[in-house]
Amino acid sequence: MSTDLETPLPTKFDVADFDPKAKRSRDIRRIALGLVALVAVLGLPWWVYPPIAVDIAAWALFAISIDLLLGFVGLLSFGHAAFWGVSAYSAGLIAQSFGVPFPVAIIGGAIAAMIIAVPIGYLAVRRSGIYFAMVTLAFAQMIWFVANQWKDVTGGENGLQGVPKSFFGIELIETEAFYFYYVAVILIVLGAWLAWRIVNSPFGRVLVAIRDNPARTRALGYDVERYKLIAFVLSAGIAGIAGGVFAISHGFVSLQELDWTTSGKVVLMTVLGGMGTIWGGPVGAAVIVLLEDRLATSGFDGIGIITGSIFILCVLLFRRGIWGTAKSLIDKGTAAYTKRRGSQD
Amino acid sequence: MDAFLQYTVQGLAAGGFYALAALGLAVIFGALGVVNFAHGAFYMLGAVTAAVLLDVLGLNFWASLVVVPILMFVFGIIIELLLVQWLLKLDILYNFLLTFGLSLVLVDLVKRQYGVSSLPYQVPPGLEGLLVFGSVEIPTYQLFVFLFSLAVCLVVWFVLSRTRVGMIVRAATEEPERARALGINVSAWVTPVFGFGVALAGLAGVLAAPFRAITATMGSNFIIILFAIVVIGGLGSVLGAVVAGFLVGLVEAYGQGYAGTFSQVLIFVLMAVVIMVRPAGLFGRKEAV
């Protein structure tokens with residue numbers, strides 16, 4: 001299938017690699033962006049209610065895991081709730097049974113998500129395009145059924161209650177969401193860094209090549225299915241970190257984490273933020289989490305009407321998403337600026 | 001053995017809804033290249049509309065069987081003209097996402113209006129009770145659903161393969177450029193075909209109304225089973241949708257009968273096996289999408 005998703009391609013040969021002037025402007029932009037990101041990450045629990053800040057961080061990483069596949073391999077996973085949810089349950093169970101510090105439980109959850117992702121990914125990568133979305137959705141629903149029935153482990157519809165936030169007995173972090181955030185966010189940033197490393201590595205270049213022309217990439221000698229599978233499992237692991245953080249932060253795990261509406265919600269965040277941008281997902285996540293929180297506290301009981309309408313409008317009119325639109329405006333702006341500077345010289 | 005026959009009829013009845021709805025999904029995919037995520041919501045709307053028509057206008061089951069698909073047809077046409085048509089030229093994922101958003105909106109609108117508890121609907125007079133064949137007792141309504149949906153599938157197949165309208169629709173689906181060159185206004189056919197697919201989902205909803213709980217979320221699980229069905233049958237294939245629909249209905253019923261709690265998992269195991277053995281689906285063409 002030809003992929004004409006309107007995603008800005010990561011430029012293969014950046015002018016900035018050769019032109020020192022362009023390089024300087026690129027460096028300035030990167031540093032500015034880094035500073036903005038740093039302030040956003042550190043300042044979040046000051047601006048919003050700290051438990052909501054943790055939610056935003058977890059969903060942001062979840063959205064990044066979707067974009068890693070959608071934007072850079074051209075695969076829309078509509079079943080990522082499976083990995084978010086499996087990790088949530090696993091992290092919850094590990095924290096309950098062993099009383100380990102919560103980051104250990106979360107990493108355990110992420111590993112469980114990756115293990116589950118191997119068979120699902122192995123089957124799903126045999127189909128591309130829309131089939132991939134349907135197959136991942138179906139397998140995620142299978143996991144939901146299993147969790148629903150396996151009541152001894154998952155608690156069925158009651159969920160998994162009383163998940164502890166152990167952290168070396170440091171009470172402030174274990175009880176105060178504000179301080180908990182600063183430990184949890186380290187895991188989130190690690191996950192995001194991992195995604196960024198994957199995208200900007202030789203491995204990531206092969207993924208983009210597969211997205212753009214699978215037949216040609218195969219002809220060049222790359223095992224396309226294997227690359228797709230590895231990307232899928234890595235993405236599941238990142239989603240797992242996010243799901244684990246979410247579970248520990250809330251102190252309980254419900255079937256909702258495995259529900260397909262959860263898969264849909266994270267896709268919405270990614271599309272709203274901007275596909276193929278990696279950093280768009282977090283923007284979309286912040287918007288949706290804050291919006292849902294606002295709607296829930298105002299007692300409005302039809303959140304799907306709002307989020308669904310945003311989805312429809314976004315897909316109809318605003319396909320680049322927030323980040324994609326902002327980026328193209330900035331690019332146009334700097335291009336015009338450099339051109340003016342150039343003509344003055 | 002008696003139990004086996006009962007499960008079989010139960011499976012064929014459930015397969016009837018699946019086959020009708022999957023047929024609608026396949027026709028829409030064929031003519032528009034759209035995987036309609038809102039199909040489960042349309043199925044739910046069909047059942048809810050039947051229940052509301054009964055409650056407000058006193059319209060009985062038989063009248064609903066005709067009126068609801070017509071209403072859904074009109075509704076489908078409105079949706080196509082308002083939303084779906086703008087994205088037809090873009091990647092298939094965009095309409096998949098659009099219809100996903102649409103289903104969220106529809107489900108929550110119904111939830112707000114009618115609540116979360118199930119709406120009442122009786123088995124229509126004349127179809128209650130059990131048919132007794134020797135020692136086997138079969139609910140009359142289930143047998144009716146099976147025969148009725150099979151008949152509808154056959155009629156659709158006949159129209160598609162043996163009539164001029166069907167020929168035009170198939171030509172517009174398979175060779176749109178050539179059909180255009182031969183003077184057929186392809187885009188004029190796309191909108192009614194979408195409406196028709198939606199009407200089939202609505203019809204499946206009406207049939208489900210008497211023996212499924214009618215709630216806003218009744219389509220949520222249904223749509224995922226439908227996706228599994230079209231993956232099993234092959235997305236481009238009308239025959240595949242119908243056969244896989246009945247097959248999945250049977251697997252589900254035997255699973256509930258013999259495998260108990262994990263029965264739903266069987267459908268996905270079946271899907272996994274098909275992906276392993278025939279990645280394009282039982283009736284799918286090799287390179288389809």
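Two residues are said to be in contact here if their C-beta atoms, placed from the backbone, lie within 7 Å. By that criterion, 38 residues of chain A are in contact with 36 residues of chain B. The model in which these contacts occur is a predicted one, and the predictor assigns the complex an ipTM of 0.85 and a pTM of 0.88.

The confidence in the individual chains may be considered next. Chain A has a mean pLDDT of 86, with 94% of its residues at 70 or more. Within chain A, residues 6-12 have a pLDDT below 50, and this stretch makes nine contacts in the model beyond near neighbours in sequence. Where pLDDT is low, the predicted coordinates should not be read in detail. For chain B the mean pLDDT is 87, and 98% of the residues reach 70 or more.

Chain A contains 15 helices and zero strands. Its radius of gyration is 21 Å, close to the 20 Å that the globule rule gives for 345 residues, so chain A is as compact as a globular protein of that length. Taken along the principal axes, the C-alpha atoms of chain A fill a box of roughly 70 × 45 × 40 Å.

Chain B, by its own count, has 11 helices and two strands. Read from the N terminus, the elements of chain B follow the order α-α-α-α-β-β-α-α-α-α-α-α-α. The radius of gyration of chain B is 19 Å, close to the 19 Å given by the globule rule for 289 residues, and chain B is therefore as compact as a globular protein of that length. The C-alpha trace of chain B spans about 60 × 50 × 35 Å along its principal axes.

Inside chain B, one helix pair illustrates the packing. The axes of helix 10 (residues 238-259) and helix 11 (residues 263-277) of chain B come within 8 Å and cross at roughly 140°. Angles over 145 degrees would count as roughly antiparallel; helix 10 and helix 11 of chain B are therefore oblique to each other. Their crossing is right-handed. Helix 10 of chain B contributes B:V248, B:V251, B:E252, B:G255, B:Q256 and B:A259 to the contact, while helix 11 of chain B contributes B:S263, B:L266, B:I267 and B:L270. These residues divide into six nonpolar, three polar and one charged.

The description now returns to the place where the chains meet. 38 residues of chain A touch 36 residues of chain B. On the side of chain A, the elements giving two or more residues are helix 5 (129-149), helix 12 (260-273) and helix 14 (303-317). Helix 5 of chain A gives the most, with 14 residues.

Helix 14 of chain A packs against helix 4 (residues 92-114) of chain B at an angle of about 160°, with the axes 7 Å apart. That angle makes helix 14 of chain A roughly antiparallel to helix 4 of chain B. The crossing of these two helices is left-handed. Among the residues that make the contact are A:I305, A:F311, A:I312 and A:V315 of helix 14 of chain A, and B:Y94, B:F100, B:L104 and B:D108 of helix 4 of chain B. The residues of this contact divide into 15 nonpolar, five polar and one charged.

Definitions and conventions. Residues are numbered from 1 along each chain as its sequence is written. Chains are lettered from A and ligands numbered from 1 in the order in which they are written. This is a predicted model: local features need pLDDT of at least 70, side-chain atom pairs count only at pLDDT 80 or more; totals for chains, interfaces and linings use all residues. pLDDT is the predictor's confidence in each residue, from 0 to 100. Axes are lines fitted to C-alpha atoms, for helices over the stretch in contact, and angles run from 0 to 180 degrees between N-to-C directions. Helices (H or I, at least four residues) and strands (E, at least two) are DSSP runs, numbered from the N terminus. Angles under 35 degrees count as roughly parallel, over 145 as roughly antiparallel, 65 to 115 as roughly perpendicular and the rest as oblique. A crossing is left-handed if the near helix is turned anticlockwise from the far one by less than a right angle, and right-handed if clockwise. Ala, Val, Leu, Ile, Met, Phe, Trp, Tyr, Cys and Pro count as nonpolar, Asp, Glu, Lys and Arg as charged, and the others, Gly among them, as polar. The radius of gyration is taken over C-alpha atoms; the globule rule is 2.2 Å times the number of residues to the power 0.38.
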